[in-house]
Amino acid sequence: MTDVMEKPVTQVANVPVNKENGKLRKVLIICSKGKLEDVYAALVMANGALMEGIEAKMFFTFFGLDAIRRKTADHLHTATVGNPSFMPEMPTVLAGLPGFEAFASYMMRKEMDKLDIPHVTEFIQMIEAGGGELYACKLAADMFHLTKDDFLPEVKDIITVGDMYALAEGEGTHIIFI
Amino acid sequence: METLVNTAIEFTAEGYLKNMDQWTPELARELAAKEGITLTDKHFEVLNWLREKQKEGVQLSMRKVGASGIVDIKQLYALFPGGPLKISSKLAGIPKPASCV
């Protein structure tokens with residue numbers, strides 16, 4: 001079994017995984033966007049890393065700060081206008097009607113609930129429980145006049161870009177930007 | 001195929017039991033030892049819960065285990081370090097989890 005174990009295959013695509021050229025040990029995920037789908041991409045990847053025994057750090061900047069703000073974390077929206085992937089047949093005039101975006105975001109959250117995907121605040125709690133660390137960008141926080149009290153309790157600190165790079169130090173780290 | 005506890009028990013390439021009915025607590029202990037884990041009663045509570053849910057056809061996720069009332073997510077990470085859902089599934093003799101959360 002052991003020689004096979006060292007070369008596992010991915011479950012769905014059945015592709016051999018080459019772990020000999022260095023293991024992935026840590027991911028630093030930078031989330032710069034505040035749209036529902038972007039924030040979830042960041043959270044799923046961070047949580048997924050932890051589930052595989054990979055260290056995960058998250059750095060939220062600019063509109064990504066919405067994901068870790070007490071006020072907004074569980075009320076993120078998706079864009080219905082200017083988003084070519086969202087219901088391409090929908091005329092922009094209709095998609096821009098008041099309330100439409102809120103409705104679309106509500107529907108999206110409902111679908112995710114069915115797939116057992118937690119709300120943003122619960123997801124962030126899961127990530128913290130798994131040893132993941134969340135940080136807010138100092139520059140963006142200053143720009144939006146946000147302080148530590150504006151953020152969820154799981155946010156460890158407000159840090160500079162230099163501190164962010166320090167988080168990524170060590171062999172086998174990958175930085176993912178969203 | 002590998003022989004453990006002197007019975008022919010089949011595993012997948014990644015070390016998951018092919019037939020969950022071949023599972024025994026002794027087997028779980030042997031597999032756990034390979035992962036560097038010594039199973040406690042709390043571990044077995046989790047494993048039994050996973051087996052029960054698997055039989056019910058539930059798609060297992062971290063979130064579901066966290067809501068099981070047996071352990072929270074932090075405790076699950078502490079019990080099965082390095083792969084809370086995967087290692088616990090492996091030790092419970094159930095298939096590799098197909099969940100992304």
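This is a predicted model: local features need pLDDT of at least 70, side-chain atom pairs count only at pLDDT 80 or more; totals for chains, interfaces and linings use all residues.
**Entry 1**

I looked up E52(A) next and found its side chain in a salt bridge with K86(B), at 2.7 Å from N to O. This pair crosses between chains: E52(A) sits in the loop between α2 and β2 of chain A, whereas K86(B) belongs to helix α5 (residues 84-92) of chain B.

**Entry 2: extent and make-up of the contact**

The size of an interface is often expressed as the accessible area lost when the parts come together. For chain A and chain B I noted a buried area of about 1,900 Å², with 58% of it on carbon and sulfur atoms. Chain A contributes 21 residues to the contact and chain B contributes 25 residues.

I also counted residue pairs in polar contact between chain A and chain B, taking both residues at pLDDT 80 or more, and recorded four. Which helices of chain A supply at least two residues each to the side that touches chain B? I listed α1 (2-5), α2 (36-51) and α5 (120-129) of chain A. Sorting that side of chain A by class, I found 13 nonpolar, four polar and four charged residues.

**Entry 3: the sheet of chain A**

I turned to the strands of chain A and traced an open sheet of five, in the order β4-β3-β2-β1-β5, with parallel pairing. The edge strands of chain A are β4 (155-159) and β5 (173-177), and each of them pairs on one side only. From one strand to the next, I noted an average twist of 20 degrees.

Within this sheet I examined β2 (residues 55-60) and β3 (residues 133-137) of chain A, which pair in the parallel sense over four bridges. For M58(A), I identified L134(A) as the bridge partner in β3(A).

Finally, I checked what α2(A) touches: this helix packs on the sheet against β1 (26-31), β2 and β5 of chain A. The direction of α2(A) makes about 160 degrees with that of β2(A). I noted that α2 of chain A is also listed among the helices on the side that touches chain B.

Notes. Residues are numbered from 1 along each chain as its sequence is written. Chains are lettered from A and ligands numbered from 1 in the order in which they are written. Side-chain values use heavy atoms; hydrogens and water are left out. Contact means heavy atoms within 4.5 Å. Buried area is the accessible area (1.4 Å probe) that two parts lose on being put together, summed over both. A polar contact is a pair of N or O atoms within 3.5 Å; within protein, one must be able to donate a hydrogen and the other to accept it, and residues adjacent in sequence count only if both atoms are side-chain atoms. Ala, Val, Leu, Ile, Met, Phe, Trp, Tyr, Cys and Pro count as nonpolar, Asp, Glu, Lys and Arg as charged, and the others, Gly among them, as polar. Two strands pair if DSSP finds at least two bridges between them. Axes are lines fitted to C-alpha atoms, for helices over the stretch in contact, and angles run from 0 to 180 degrees between N-to-C directions. A salt bridge is a side-chain nitrogen of Lys or Arg within 4 Å of a carboxyl oxygen of Asp or Glu.
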